[in-house]
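Here are my notes on the model, as numbered points. Please read them with the structure open.

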Amino acid sequence: MTARSPKSETEIGWDSKLNIPKLIRTDQKLNEEFRDVRLQDLRIIATLDVGGFGRVELVQIAGDSTRSFALKQMKKAQIVETRQ
């Protein structure tokens with residue numbers, strides 16, 4: 001059995017350089033939405049889980065209490081050591 005990657009969805013956006021409509025992948029749109037978010041912009045609400053490689057925190061972007069996200073923090077040294 002092979003794993004399938006999720007199907008990319010598209011929507012119509014606007015190419016401001018060419019001044020024409022264009023198709024935009026939704027994952028690209030998400031990347032643009034969070035492009036300028038830095039760790040300092042995140043507020044930790046709670047710890048959701050702790051595991052061998054790190055922890056998962058519930059966070060919100062400062063100034064936006066309407067949305068919450070899970071942030072996985074991993075220990076780089078342990079990942080490198082075990083070659084994961």
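1. Terms for the sheet come first. Two strands pair if DSSP finds at least two bridges between them. Strands are DSSP runs of E, at least two residues long, and helices are runs of H or I, at least four residues long; both are numbered from the N terminus.

2. Ground rules. This is a predicted model, where local features need pLDDT of at least 70 and side-chain atom pairs count only at pLDDT 80 or more, while totals for chains, interfaces and linings use all residues. Numbering starts from 1 along each chain as its sequence is written, and side-chain values use heavy atoms, with hydrogens and water left out.

3. The hairpin. Strand β3 covers residues 42-50, strand β4 covers residues 54-61, and the two pair in the antiparallel sense over 7 bridges. Together β3 and β4 form a hairpin, with 3 residues between them. Which residue of β4 is the bridge partner of Ile-44? The partner is Val-59. Leu-42 has its bridge partner in β4 too, namely Ile-61.

4. The sheet. It is open, has 3 strands in the order β3-β4-β5, and its pairing is antiparallel. Why is one side of β3 and of β5 left without a neighbour in the sheet? Both β3 and β5 (69-74) stand at the edges, and each has a single partner strand. From one strand to the next, the twist averages 35°. Axes for such angles are lines fitted to C-alpha atoms (for helices, over the stretch in contact), and angles run from 0 to 180 degrees between N-to-C directions.

5. Leu-58. This residue lies in strand β4. Leu-58 is partly exposed, with a relative accessible area of 23%. The classes are: buried under 20%, exposed over 50%, partly exposed in between (1.4 Å probe, protein chains only). Thr-47 is 11 residues away from Leu-58 in sequence, yet their C-alpha atoms are 6.1 Å apart. Contact means heavy atoms within 4.5 Å. Leaving out residues up to four places away in sequence, Leu-58 touches Arg-43, Ile-44, Ile-45, Ala-46, Leu-48, Ser-68 and Phe-69.

6. Glu-57. Is Glu-57 buried or exposed? Glu-57 counts as buried, because its relative accessibility is 5%. Glu-57 also lies in strand β4. Its side chain makes a polar contact of 3.0 Å with that of Thr-47. A polar contact is a pair of N or O atoms within 3.5 Å; within protein, one must be able to donate a hydrogen and the other to accept it, and residues adjacent in sequence count only if both atoms are side-chain atoms. Beyond four places in sequence, the residues that Glu-57 touches include Ile-44, Ala-46, Phe-69, Leu-71 and Gln-73.

7. Salt bridges. How many does a search of the whole structure find? The search finds 3. The criterion is a side-chain nitrogen of Lys or Arg within 4 Å of a carboxyl oxygen of Asp or Glu. Buried Glu-57 meets Arg-55 in one of them, at 3.6 Å from N to O. Arg-55 is partly exposed at 33%.

8. The other pairs. Arg-35 and Asp-36 form a salt bridge, with the closest N and O atoms 3.9 Å apart. Arg-35 counts as exposed at 59% relative accessibility, and Asp-36 counts as exposed at 58%. Arg-67 forms a salt bridge with Asp-64, the closest N and O atoms being 3.1 Å apart. Arg-67 is partly exposed, at 31% relative accessible area.
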